[in-house]
Amino acid sequence: MTITLKVALLGAGTVGAEVARILTQDAAQLQARSGAALELSAVVVRDTAADRGPHIPRELVSSDAEAAIDGADLVIELMGGLEPASTYIRRALSRGASVVTGNKALLAEQGPELFALAAENGAELSFEAAVAGAIPILRPLAESLAGDTVTKVMGIVNGSTNFILDKMDREGADLEAVMAEASALGYLEADPSADVEGHDAAAKAALLATLAFGSGFSIDQVHTEGITAVTAADVEAARAADQVIKLLAVVERSEAGVLMRVHPTLISREHPLAAVHGAFNAVFVEAQNAGELMFYGPGAGGAPTASAVMGDLVMAARHRLAGSAEPTRLAAEPIAALPVQDAITRYALALDVADAPGVLARIAQVFADHGVSIEAMRQNGHLDGAAELRIITHAGTQRALDATVAAVNKLDVVTGITSVMRVEGN
Ligand SMILES: NC(=O)C1=CN([C@@H]2O[C@H](COP(=O)(O)OP(=O)(O)OC[C@H]3O[C@@H](n4cnc5c(N)ncnc54)[C@H](O)[C@@H]3O)[C@@H](O)[C@H]2O)C=CC1
Ligand SMILES: N[C@@H](CC=O)C(=O)O
Ligand code: NA
């Protein structure tokens, strides 16, 4: 006898439309893998009059989310945003229906509450699509590495900003010019500022930390800098130094707690992350016993993200048939989130200075006074008696580096600090 599980799809945009296509086209394989026929029972959209192609039959389309949820065994939420997504997910979980979502914005604010609601109701809430698109990263952190101790996760987790920075690097384009292209390819969030201001990567950083360290973290605990201040000149200067600028998310565990940060970062062109182009993502994981692991693949776009949704859906169906939902397990005692001033990083600075005897010594003295060690210093003289000075520091706390930058800025021989950026790798 074939068991049928009814699947309600909330949202049929870039990702939802691809999910509907795969549910139809790969129905036989999905049934073989999950053990049940996965029947699309309702598709909830805003515009019910729009033609949505052959994979979304008109009779399934409605704007009645409550009815769709109440008639489903499994609910896929791909509308995005906090509301009404949160209310709909809560309704589904409260009824015992398992939910699959790609909504990192919601989970990075309400994750622990929603995990608890799922567990209370014997339902499952899964969200592999929410971080790094198609790349399996959350399940490996929560399951494959459950017997190890993860100490650090670092990577490129936002496809659209990587696409934009990559175009700026390869074509010398500026940010505004490349955004329209990223939007047409379905990489950007409904509100693109979520991408370029770093909030999308910050939500993903909070989710990575939550699963890597087994404690609930939220987006407001992540230090966040986006790419809006990165200019074509910054990208060109990096290129001249054989470096590339990437938006990195870094989450690290120490005795004191967990530090989470997202910011543009200079890396050498030799670094493996420099080879991550277009909307691809790459995530490095360091664990005490496993050592270093690297995950790489498409981080955004309809079909790749739908792949992660479908994997979660098959697992949710299997667990439902087995009568055992898999909860997201968090430690009873929360782990502290640390301030970014505690981060240990290297800085690259570009300064405009007077080209006169003793200037370098005075600047170097300020670094020494703050306990910050200089790794490299290069001066390019200009004809007008001014010079550009580029300094790379050894690793120090951000607290010490920020104090150094502030003190250097006050020197009368320094006319301006034109760029301060963190550096990773060699
Ligand atoms: N596009 C991508 O590459 C990725 C997207 N995601 C996430 O997946 C989710 C969906 O993303 P996309 O498909 O790109 O978004 P989208 O904007 O293309 O699609 C969302 C759809 O939901 C509909 N919708 C929104 N609110 C609704 C409501 N109240 N009632 C009915 N329909 C409503 C919209 O009309 C739209 O058609 C978001 O949470 C996003 O963050 C996750 C990973 C990658
Ligand atoms: N807007 C996001 C989509 C995937 O999460 C991105 O650019 O990575
Ligand atoms: Na993923």
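A residue is called buried here if 20 or more other C-beta atoms lie within 10 Å of its own, exposed if 12 or fewer do, and partly exposed in between, with C-beta atoms placed from the backbone. The model is predicted, so local features need pLDDT of at least 70 and side-chain atom pairs count only at pLDDT 80 or more, while totals for chains, interfaces and linings use all residues. Residues are numbered from 1 along each chain as its sequence is written, and chains are lettered from A and ligands numbered from 1 in the order in which they are written.

**Stop 1: the domains.** Colour the chain by domain 1 (4-126 + 303-322), domain 2 (150-298) and domain 3 (343-424), bounds that come from an automatic or database domain assignment. The C-alpha centres of domain 1 and domain 2 lie 28 Å apart, and 10 residues of domain 1 are in contact with 13 residues of domain 2, contact being C-beta atoms, placed from the backbone, within 7 Å. On the domain 1 side, helix α5 (residues 104-120) gives the largest share, seven residues; helices (H or I, at least four residues) and strands (E, at least two) are DSSP runs numbered from the N terminus.

Stop 2: Select K104, which is placed in helix α5 and which UniProt lists, in an unreviewed entry, for "binding site". Such annotations use the numbering given here, with feature names shortened, and may be inferred rather than shown by experiment. K104 counts as buried because it has 27 C-beta neighbours inside 10 Å. Beyond its neighbours within four places in sequence, the contacts of K104 include A130, D200 and K204.

Is K204 buried or exposed? K204 is buried, because 30 C-beta neighbours lie inside 10 Å. With neighbours within four places in sequence left aside, K204 is in contact with K104, V131, V157 and A249.

**Stop 3: the two ligands.** Show the 26 residues that surround ligand 1, of which G11, G13, G80, G102 and A300 are the closest; a residue is taken as near a molecule if its C-beta atom, placed from the backbone, lies within 6 Å of it. This shell draws at least three residues from each of domain 1 and domain 2, and helix α1 (residues 14-25) provides its largest share, three residues.

**Stop 4: backbone details.** Go to the peptide bond from E83 to P84, which is cis with omega near 5 degrees; P84 lies in the loop between β4 (74-77) and α4 (85-94).

A132, in the loop between β6 (125-126) and α6 (138-144), has a phi near 60 degrees, a positive value in a residue other than glycine. A132 counts as buried because it has 32 C-beta neighbours inside 10 Å.

Finish at D242, found in the loop between α11 (232-240) and β9 (243-253), which has a positive phi of about 60 degrees although it is not a glycine. D242 counts as exposed, because 10 C-beta neighbours lie inside 10 Å.

How values were computed. Two residues are in contact if their C-beta atoms, placed from the backbone, lie within 7 Å.
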